Amino acid sequence: AAAGLCLVALLHAVLGQECGTLYEVQQCREDCGSCGANPCCAIEWQMDTMTPEAVSSTLLSSVGRGGSDGLYELKGHHPNYAFITTDLADEAPYNLQVVHIPEEFAADDNALAAGRYDDITISIYPLPGGGARAVAFSRTRTSTVFYQCDRGTNYRGLVNMMVDAQVSSYKERLLYGCPEKTPGTVPI
């Protein structure tokens, strides 16, 4: 058994763990066109110890400073109009609209010219017994053959936003797209 684990570790080291490869890391969760020709990912998070206002505030703060990689941008809120900078005064759900340029495409002029961005929408709802539920959806804008698979950017963009917002505890449930894969399996 130990020799088998060593062989798997060696294969991962030699072949790499890039998203879109046979030996990708399990966290990659690459999607190849679940939303028509576009890659996408929909996730639900449940935060039992946070209010919807607190979840919205922490996410707005994270995205407001560009997120973990500096490549997130808040949309749907105009900074010159302070009275509409957040949706916190709205009735539930609270909605956030974000654009993320995946790091691997940020320095690629061809990708930027093709509009290779991920659009993210998050709706945050109160839970009946307290706490909050967030439904997050990320979709790659372009539908060119070259970008039909997202290399895991939709899933990673959503999860990195939660991690950077320092949400202390949440339960995650996959709703659509970005499937979990066992390492060494071919995506279907």
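**Exercise 1. Over how many bridges do strands E1 and E6 pair, and in which sense?**

This is a predicted model, in which local features need pLDDT of at least 70, side-chain atom pairs count only at pLDDT 80 or more, and totals for chains, interfaces and linings use all residues. Residues are numbered from 1 along each chain as its sequence is written, and side-chain values use heavy atoms, with hydrogens and water left out.

Step 1. Strands (E, at least two residues) and helices (H or I, at least four) are DSSP runs, numbered from the N terminus.
Step 2. Two strands pair if DSSP finds at least two bridges between them.
Step 3. E1 and E6 pair over six bridges, in the antiparallel sense. Cys-41 stands opposite Gly-177 in E6.
Step 4. E1 also pairs with strand E5 (residues 132-140), antiparallel over eight bridges. The bridge partner of Ile-43 in E5 is Ala-136.

**Exercise 2. Determine how the rings of Trp-45 and Tyr-170 are arranged.**

Step 1. A pair of aromatic rings is described by the distance of the centres and the angle of the planes.
Step 2. Rings of Phe, Tyr and Trp (its six-membered ring) pair if their centres lie within 6.5 Å; planes under 30 degrees apart count as stacked, over 60 as edge-to-face and the rest as tilted.
Step 3. The structure holds one aromatic pair. The centres of Trp-45 and Tyr-170 are 6.1 Å apart and the planes stand at 75°, so the pair is edge-to-face.
Step 4. Trp-45 belongs to strand E1 (residues 40-47) and Tyr-170 to the loop between H5 and strand E6 (171-177), so the pair ties together parts 125 residues apart in sequence.
Step 5. Buried means under 20% relative accessible area, exposed over 50%, and partly exposed in between (1.4 Å probe, protein chains only). Trp-45, at 0%, is therefore buried, whereas Tyr-170, at 25%, is partly exposed.

**Exercise 3. Describe the span and the surroundings of helix H5.**

Step 1. The expected span of a helix is 1.5 Å times one less than its number of residues.
Step 2. H5 (residues 153-164) has twelve residues and reaches 16 Å from its first C-alpha to its last, close to the 16 Å expected.
Step 3. Nine of the twelve residues are buried, so H5 is largely enclosed by the rest of the structure. Among them are Tyr-155, Leu-158 and Met-161.
Step 4. Gln-166, which follows H5, has a positive phi near 60°.
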